Amino acid sequence: MALAMATTIVAGAQANIVKDAERAMKGGETAAKVVEIITPAFTNPETAELAQTWFIPGKASFAQYDKLLGLKQFNQLKEGDNLLMGKLLISGFNYFEKALPLDTIVDSKGKVKTKYSKEIVNTIAGHMSDYSTAGVDLYNAKDYKGAYDVWGIFCKLDEMPSVRENLEKSKQLPTDTVFGEIAFNQGLAAWQAEDLKGALKAFDYARHHSYNKKQLYDYAISVAMGAGDSLAILDFAKEALPLYGKEDPMYMGQVVNYYLQKKDYDNAFSTINEAIASEPGNAQFYVIRGVLYENTDKQAEAKADYAKAKELDPQNPQAVYNFGRMLCEEAYKLNDNAPSDQAEYNKYYAERIKPLFESAVEILENAYNLDKENIDVLRYLENVYYNLNNEQMLEDVRNRMKL
């Protein structure tokens with residue numbers, strides 16, 4: 001009996017907490033105050049499964065947001081209120097989301113009714129555009145986690161049947177492209193917050209909701225690289241290829257690089273060969289295939305592709321550098337097989353090695369002018385000038401390397 005009485009007292013106390021919170025909510029207290037009062041009821045078994053327990057702080061959050069929104073329209077917000085508005089939208093939704101599936105009442109006839117669901121759905125749907133604008137405010141205030149969360153709720157509303165139905169009836173449901181654009185912004189917010197996994201998830205949502213601008217693939221691939229997610233890199237790059245592959249060979253390079261890392265040379269060659277067949281004038285495709293040939297120990301084919309790329313685009317720094325580098329490597333190989341007799345070596349060097357170094361110098365200097373950040377060019381030039389016994393240029397290259 002004592003235990004039963006104690007249980008009854010505890011249950012009554014929890015019920016009073018809920019009533020106290022409801023009175024505070026109806027009296028216009030802040031959401032924080034209402035949450036402070038009702039928090040013990042969140043974990044008590046007698047009240048945790050009641051829709052009312054979660055509905056009350058949710059309604060308090062939206063009520064305070066609406067009050068601040070009114071002040072905002074008259075430029076009467078205090079410092080920090082913009083951020084608070086975003087937080088209220090997030091907390092309001094989170095509480096309502098918990099209340100919604102708990103809101104079922106079975107009457108004496110066995111019929112299921114709801115007490116709060118209609119108000120919950122109407123409130124959430126009525127604030128849909130607010131989730132979009134609040135994300136902008138939070139992002140501009142550098143609260144990237146908040147922006148990510150609030151934009152995530154915007155996209156989630158499309159997946160809540162009751163909310164979606166409400167928006168469709170009122171003709172307020174955004175187009176698929178709008179959801180995609182918001183998800184892209186959500187991905188940027190996650191990226192700024194260094195949540196790479198969250199960013200990829202948002203970018204993935206965006207592309208599956210009709211958002212296929214080039215910037216989506218560029219950011220997604222960059223984030224995937226940072227996360228070390230090679231499958232995501234391949235996935236986004238393959239999807240970008242038919243859309244933007246002609247204007248940016250980076251996507252082709254990422255696809256081939258994936259196969260190269262996996263030593264799947266058949267798929268690598270198949271992919272780049274198809275690209276060259278469809279666009280034979282693209283110099284970068286030959287550079288990519290040249291790299292692939294080098295990795296499969298086909299030096300002659302690699303050199304030919306770099307030469308072709310250089311011919312198609314003399315300003316392509318990778319094509320010029322790689323062709324010059326291949327000339328040096330060819331000279332090094334000849335030197336390794338040179339005669340040991342000094343007289344014979346001198347003749348061999350003059351006829352076969354020196355011409356390669358002299359050709360390489362001109363090409364590598366051109367490569368340096370095209371890309372002064374490529375330190376490897378200077379390393380090859382240093383070696384070439386050393387082999388040509390050109391002390392003046394050797395010193396010049398070493399000075400450039402110091403800079």
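Predicted model: local features only at pLDDT ≥ 70, side-chain atom pairs only at ≥ 80, totals over all residues.
Local features were taken at pLDDT of at least 70 and side-chain atom pairs at pLDDT 80 or more, while totals for chains, interfaces and linings use all residues. Residues are numbered from 1 along each chain as its sequence is written, and side-chain values use heavy atoms, without hydrogens and water.

Across the whole structure, 21 aromatic pairs were found. Rings of Phe, Tyr and Trp (its six-membered ring) pair if their centres lie within 6.5 Å; planes under 30 degrees apart count as stacked, over 60 as edge-to-face and the rest as tilted. F42 and W54 are stacked, because their ring centres are 4.4 Å apart and their planes lie at 10 degrees. This pair links distant parts of the chain, with F42 in helix α2 (residues 31–43) and W54 in helix α3 (residues 51–73), 12 residues apart. Helices are DSSP runs (H or I, at least four residues), numbered from the N terminus. F42 has 15% relative accessibility and counts as buried; W54, at 9%, is also buried. Buried means under 20% relative accessible area, exposed over 50% and partly exposed in between (1.4 Å probe, protein chains only). Y139 and Y144 form an edge-to-face pair, 5.1 Å centre to centre with 70 degrees between the planes. Y139 is partly exposed at 22% relative accessibility, whereas Y144 is buried at 16%. One aromatic cluster is made up of F184, W191, F203, Y211 and Y219.

Charged groups also sit over rings (NZ of Lys or CZ of Arg within 6 Å of the ring centre and within 35 degrees of the ring normal). The charged end of K298 lies over the ring of F269, 5.8 Å from its centre. R400 is placed over the face of Y368, at 4.8 Å from the ring centre.

Of the 13 residues in α15, 10 are buried, among them F285, Y286 and Y293. The buried residues of this helix pack against α13 (250–261), α14 (265–278), α16 (299–312) and α17 (317–336), where contact means heavy atoms within 4.5 Å. D297, with a positive phi near 60 degrees, follows α15.

The largest nonpolar core has 125 residues, of which Y131, L157, F203, I272 and L364 touch the most other members. Such a core is a set of buried Ala, Val, Leu, Ile, Met, Phe, Trp, Tyr and Cys residues joined through side-chain atoms within 4.5 Å. Helix α18 (residues 342–370) contributes the most to this core, with 11 residues. Beyond its neighbours within four places in sequence, L157 contacts F93, I124, M128, Y131, V163 and R164.

T47 is found in the loop between α2 and α3 and is buried, at 2% relative accessibility. Leaving aside neighbours within four places in sequence, T47 is in contact with Q14, A15, V18, A41 and T53. A360 belongs to helix α18 and is buried, with a relative accessible area of 0%. Not counting residues up to four places away in sequence, A360 touches G324, L327 and C328.

Terms used. Helix = DSSP H or I, 4+ residues; strand = E, 2+ residues; numbered from the N terminus.
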